[in-house]
Amino acid sequence: MMGVSMELHDAILRRRTTNGPFLPDSVRPEHQRRIIEAASRAPSHFNSQPWRFVLIDDPDRIGRIASLAGQSMTRLIEDGLFFERYKRYFRFSRAEMDERRDGIFIDHLPAPLRPFIQKVFSETGLKVMRTLGVPERLGKDNQELVAGSPLLLAVMLDREEYVPDKLSGFYSLFGMGAAMENIWLTVGDLGMGIQFVSTPMEVPSCWQEIQNLLEVPPDLALMAIYRLGYLPPETRRPTIDWTSNERKPYDRFVFRNTCRQPEPLA
Ligand SMILES: Cc1cc2nc3c(=O)[nH]c(=O)nc-3n(C[C@H](O)[C@H](O)[C@H](O)COP(=O)(O)O)c2cc1C
């Protein structure tokens, strides 16, 4: 491939979300620097570099955040909010996934739950889930995954740029996304994994507690928390797990000249 780095291409194809546990080893300081350097090289509007990061390796703070991640997961599942918000992304069979080629496929769950999983979006399904202790199980899994991570990364935006109804607010989200993709690719290159820890931000009181724990000042907006660590050679899958490795065929998302002309890109 002339002029194209196979290493970059491979790194892009290999990039994944880590659903499972990390090794307990702390992340080497030079690797933390590589991650931050990669983020800092991302494009941003007028080179404004609106991103800010907190590297969290203090076990007490990680433990507190883990417990908030667990609690928020349990609450969101128990209330039915999680499934209500996200049902359109769930695929329940290989055939459905093969047809859609997007979303996430719950392909790993304990045998007693399997007959109920398709009914999870109904009130009856939720009742069954509650009786079987699914909200607690998922919360505990989430808590353990976060607690067992040697490094958490909080991502913030400078509120001078991140003004949601201004153009700079829109632009700063692009910059942050580019910075995070640089981190994501670098992490893979270092034998590490990364996962977005989103449940605490969906429960406002949990999110506020994390802001207090991190002492986020009023001029910064806390945007996201990730967990990071080195990947074990073999991964044990969480009790309930999914895969999301499918991608849409090109002609469903690329067009030539006008939006009426799907591009097959054979
Ligand atoms: C804005 C955003 C939020 C996400 N939130 C979560 C999350 O809360 N938990 C999680 O495990 N993955 C999360 N992901 C990762 C996606 O689920 C994942 O990228 C997608 O399913 C494709 O899988 P892959 O990253 O392994 O290729 C998030 C990704 C983005 C960009």
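Partly exposed describes a residue whose relative accessible area lies between the buried class, under 20%, and the exposed class, over 50%. The model on display is a predicted one.

Please select arginine 61. Its relative accessible area is 31%, so arginine 61 is partly exposed. Arginine 61 and glutamate 215 form a salt bridge, with 4.0 Å between the closest N and O atoms. Where do the two partners lie? Arginine 61 belongs to helix 3 (residues 59-78), while glutamate 215 is in the loop between helix 9 (204-214) and strand 6 (220-230); the pair therefore ties together parts that are 154 residues apart in sequence.

Side chains of opposite charge can pair when their charged atoms come close. The count for this structure comes to 19 salt bridges.

Select aspartate 141 and arginine 137 next. Their side chains meet in a salt bridge, at 2.8 Å from N to O. Both residues are in helix 7 (residues 134-147), and because they are 4 residues apart there, about one helical turn separates them. Is aspartate 141 buried or exposed? At 10% relative accessibility, aspartate 141 counts as buried, whereas arginine 137, at 34%, counts as partly exposed.

Move on to arginine 28 and glutamate 30. These two residues form a salt bridge whose closest N and O atoms are 2.7 Å apart. Arginine 28 is partly exposed, with a relative accessibility of 43%, and glutamate 30 is partly exposed as well, with a relative accessible area of 34%.

To see a network of salt bridges, select Arg91, Arg100, Asp102 and Lys248, which are linked in this way.

How many aromatic pairs does the structure hold? There are 11 aromatic pairs. In one of them, the ring centres of phenylalanine 82 and phenylalanine 83 are 5.7 Å apart and the ring planes stand at 90 degrees, so this pair is edge-to-face. Phenylalanine 82 and phenylalanine 83 are both buried.

Select phenylalanine 90 and phenylalanine 92 for another arrangement. The centres of these rings are 6.2 Å apart and the planes are at 25 degrees, which means that the pair is stacked. Phenylalanine 90 has a relative accessible area of 8% and is therefore buried; phenylalanine 92 also counts as buried, at 14% relative accessibility. Widening the selection to Phe82, Phe83, Tyr86, Tyr89, Phe90 and Phe92 displays one aromatic cluster.

Select arginine 15 together with tryptophan 184. The charged end of arginine 15 sits over the ring of tryptophan 184, at 5.0 Å from the ring centre.

**Last stop: two cysteines**

A disulfide is a covalent bond between the sulfur atoms of two cysteines. How many disulfides does this structure hold? The number is 0. Two cysteines may still be selected to examine their surroundings. Cysteine 206 is buried, its relative accessible area being 3%, whereas cysteine 259 counts as exposed, at 66% relative accessibility.

Conventions. Residues are numbered from 1 along each chain as its sequence is written. This is a predicted model: local features need pLDDT of at least 70, side-chain atom pairs count only at pLDDT 80 or more; totals for chains, interfaces and linings use all residues. Side-chain values use heavy atoms; hydrogens and water are left out. A disulfide is a pair of cysteine sulfur atoms within 2.5 Å. Buried means under 20% relative accessible area, exposed over 50%, partly exposed in between (1.4 Å probe, protein chains only). Rings of Phe, Tyr and Trp (its six-membered ring) pair if their centres lie within 6.5 Å; planes under 30 degrees apart count as stacked, over 60 as edge-to-face and the rest as tilted. A charge sits over a ring if NZ of Lys or CZ of Arg is within 6 Å of the ring centre and within 35 degrees of the ring normal. Helices (H or I, at least four residues) and strands (E, at least two) are DSSP runs, numbered from the N terminus.
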